[in-house]
Amino acid sequence: MTNDEKISVRKAREIQRRASAVDREDVLNLIQQAQNRVSKSVDGVIIAHIFKLVFTGGLHREEILSMKIRDIIDKKGITRNHLLVGGGSINVPAVMKKELVDYLEYLKSRGYPTNRTANLFPTTRHAGREQSEGARKRKLHRDIERIAGTYKSILEKIRQAGIREYYDGLSTAIPERRRCQDTAQFARCSMDFTESILRSRKPVTNKPVPSEFALITERLAALKSHQGTDEEFRKAAIQLMEDIKKAKDRCESDASLKKKLIERVEKIFTSRNIKPTT
């Protein structure tokens, strides 16, 4: 494969990643969906905390699903300053540490095993019940897919969204190269892949700007239910009439539309038994 072909493949992959990327808002929505889904078959609170920790810690799928309770608390039962992950350690925000403490209390209240060697993300509440690691992880993966819906490889997408969130949180006073290096260290991946993740942001959808007449129509609807005094209503109505007259005509029919809008304002005056002038 030539260099040009390699570049084309890389660009195609980045375009594909952008099209399927998730952002902070998507992650928060997924967490909310998970928390609202608690049944005999799926414990959404557990799935929600998987999402949260992947997002704030940049964890890989295998790392998050393999975590034990001892990875977040020490022998004294105190939450660790750095969580143990994959033979190393990561730092997470203080608010996440507090949530993990509450999460352990949730597991205890629901009857899940909470000894230090227990799985941080269990699928059974019976300590003595035999279940292979593979079966537990497959169950978690199925539960994650149920909540993720149409999203594919959602944990990796959440991880990449968290990596971009980490980068965006760094001070812009830090040189860009240094910020990328810090982010790569946080993500525990190469600079090239980190830069690719940063480029693969979800495309920003530009919301259409409402037309001048659309905004006037909204103001007219609000005027009908105006709850202020007669004088406040009069001022708002007169200002609206003036803005209607000043509105720029886009076509010949707009002149007729402006006339009808003013008539509607006058009808509101009449219905409220208020005169346009004092």
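I started with contacts (heavy atoms within 4.5 Å). Of those between residues at least 6 apart in sequence, 62% join residues at least 24 apart.

I noted that this is a predicted model, where local features need pLDDT of at least 70, side-chain atom pairs count only at pLDDT 80 or more, and totals for chains, interfaces and linings use all residues. Numbering starts from 1 along each chain as its sequence is written, and side-chain values use heavy atoms, with hydrogens and water left out.

Next I looked up the elements, which are DSSP runs numbered from the N terminus: helices are H or I with at least four residues, strands E with at least two. I got twelve helices and two strands, in the order α-α-α-α-β-β-α-α-α-α-α-α-α-α from the N terminus.

Then I picked a helix pair. H7 (residues 154–169) and H8 (residues 176–187) pack at about 140°, their axes 9 Å apart. Axes here are lines fitted to C-alpha atoms over the stretch in contact, and angles run from 0 to 180 degrees between N-to-C directions.

Who meets whom? On the H7 side I found Arg-159, Gly-162, Ile-163, Tyr-166 and Tyr-167; on the H8 side, Glu-176, Arg-179, Cys-180, Asp-182, Thr-183, Phe-186 and Ala-187.

I zoomed in on Thr-183, in helix H8. Is Thr-183 buried or exposed? Thr-183 counts as buried because its relative accessibility is 0%; the cut-offs are under 20% for buried, over 50% for exposed and partly exposed in between, with a 1.4 Å probe and protein chains only. Skipping residues up to four places away in sequence, Thr-183 touches Ile-163, Tyr-166, Tyr-167, Leu-170 and Thr-194.

Last entry: 38% of the protein's 278 residues count as buried.
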